[in-house]
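Here are a few notes to go with the structure you sent over. Have a look at it first, then read on.

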Amino acid sequence: MPRVVSLFLPTWPTDRVRRNLGAAAPPAEAPLLLIGREGRRRVVLAADRAALRAGLHVGMPATKAQALVKGLIVKDAEPAGDTQALERLALWALRYAPIVAADPPDGLVIDTTGAAHLHGGEGAMVKTMVERLAASGIAARAAIADSWGSAYAFARCAARPVFVVPPGESAKAVLDLPIAVLRLPKDMIDALRVLGFERIGELASKPRAPLTHRFGPELGRRLDQALGRLNEPIVPVRPADLVEVRRGFAEPIGAAETIARYTSKLVTQLCEALEAKGLGARRLDLLFHCVDNRIEAIRIGTALPVRDAKRLTRLLCDKIETVDPGFGIELMSLAVTLAEPLSPRQTISSLIEEPETDVSGLIDTLANRVGESRLYRFAPFASDVPERSVQRVAPTAPITGETWPDHWPRPARLLPNPESIETVALLPDHPPVTFTWRGVRRRVKRADGPERVFGEWWKRDAELIAVRDYFQVEDEAGERFWIYRAGDGEDPDTGSHRWFLHGIFG
């Protein structure tokens, strides 16, 4: 089932103006309007959140807006600049899915079918989109649904700031939304309201012929698109310097073996083009243009720049089973949407030195199946606090030279959060005699410690005098644990003096 994300940018033109002004931008609390002409009248074409809160709105005369709000900042609108910037924003969104298009004047549409799992799932993906835009000063709301029309409606009515409709439920959920989100001309919306229509469900329940006779076919088309009955193709945006190869077919193809054969031919052509430019592929998008006006897509990524045709073909063919050719595929296009320089390397002779172990192929296979964000390795981080001394890095990240402290052993398994335990211990320096963890009482047979760990006072004032005393303990069954006491055992300001289990030795 297709899944589509609609990104709604409610104050896009004013957000763009503030970003362009940089340090000279007016403060966020200052209302900002963009003014343009409608015939001979100067009217408000865009307003930021401060202006909307002050009671101003799009379409009102500019002179009236200036008279109503004191200290109003007015600038000329640039619709052409807004559209070009929206296209650039669509290029940025290509990192999430291979099919992205601008949805003027204030949105983007993204076909994320089969790509959400690479970003931690649908909810995590759209949340990340909104957060990254907010960090850049762009207000956004996002919704994901079964069609472009329904996602567009939910993004404008239900997203606060994110809304995810479960697969297969969009057609039912959209019936309760107002007719204003059907992407119809304003005069048609006004006419429908005069007739008493307020919700999409009210329109969907009426006979189609009288409505078509009065309002034309546009009403029925938009209604079917919102309900997911009518396919709405998304024409993907493409960078100007994109490395891309295409293959058209006189007769549509649909068999998996045929698709795999032509995929191999396209990859070979693409690798030749990459070699001529001295580049390697980091992300490839294979698009299938179907005869029923749909676009199916396959996306793969690599940990390092790759120009190996066999390897790239294998990664792409592993996903062919996810493609629904429908009535056939009439065009295939393969594009490199992320490339990096790749210089030829001399093959190492085993007579001179041992070849380096290359696991990037395995990493690519796993990452394209489970998602790049779920594949990582642990690396040391400069911190004395145990839970802060570990960081997640990419599997192929270079070794920084950082190491964990070697004066005391560290457990093979560190718990995500230290768990409270009940102990019998003699303060201030002795390890526990017994401790109870997760309902099981254990008698300590051997112990070593304490290892005193101080708080990072330069990060948080609360850690100025905080300490922990860590002990390695072994119970009667031979299991070894890493436990600590919060505090030095004497001064209550150094910690609560409660005991916690923080790790388990192998």
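How many bridges join strand β19 to strand β20, and which way do the two run?

1. Keep in mind that this is a predicted model. As for the opening question, β19 (residues 480-486) and β20 (residues 499-504) are joined by five bridges and run antiparallel.

2. Now zoom out to the barrel. It is closed by six strands, in the order β15-β16-β17-β18-β19-β20, with antiparallel pairing. On average, neighbouring strands of this sheet are turned by 45 degrees against each other, ignoring direction. As a reminder, strands of a sheet pair through backbone hydrogen bonds.

3. Next, a helix pair: α1 (residues 12-21) and α4 (residues 79-92). Their axes come within 10 Å and cross at roughly 85 degrees, which makes α1 roughly perpendicular to α4. On the α1 side, W12, P13 and R16 do the touching, and they meet G81, D82, A85, L86 and L89 in α4. By type, the residues of this contact are five nonpolar, one polar and two charged.

4. The other helix pair is α10 (residues 208-215) with α11 (residues 217-226), whose axes come within 6 Å and cross at roughly 125 degrees. That angle is why α10 counts as oblique to α11. From α10, the contact takes in R208, L211, T212 and F215, while α11 brings P217, L219, G220, L223 and D224.

Technical notes:
Residues are numbered from 1 along each chain as its sequence is written. This is a predicted model: local features need pLDDT of at least 70, side-chain atom pairs count only at pLDDT 80 or more; totals for chains, interfaces and linings use all residues. Side-chain values use heavy atoms; hydrogens and water are left out. Two strands pair if DSSP finds at least two bridges between them. Helices (H or I, at least four residues) and strands (E, at least two) are DSSP runs, numbered from the N terminus. Axes are lines fitted to C-alpha atoms, for helices over the stretch in contact, and angles run from 0 to 180 degrees between N-to-C directions. Angles under 35 degrees count as roughly parallel, over 145 as roughly antiparallel, 65 to 115 as roughly perpendicular and the rest as oblique. Contact means heavy atoms within 4.5 Å. Ala, Val, Leu, Ile, Met, Phe, Trp, Tyr, Cys and Pro count as nonpolar, Asp, Glu, Lys and Arg as charged, and the others, Gly among them, as polar.
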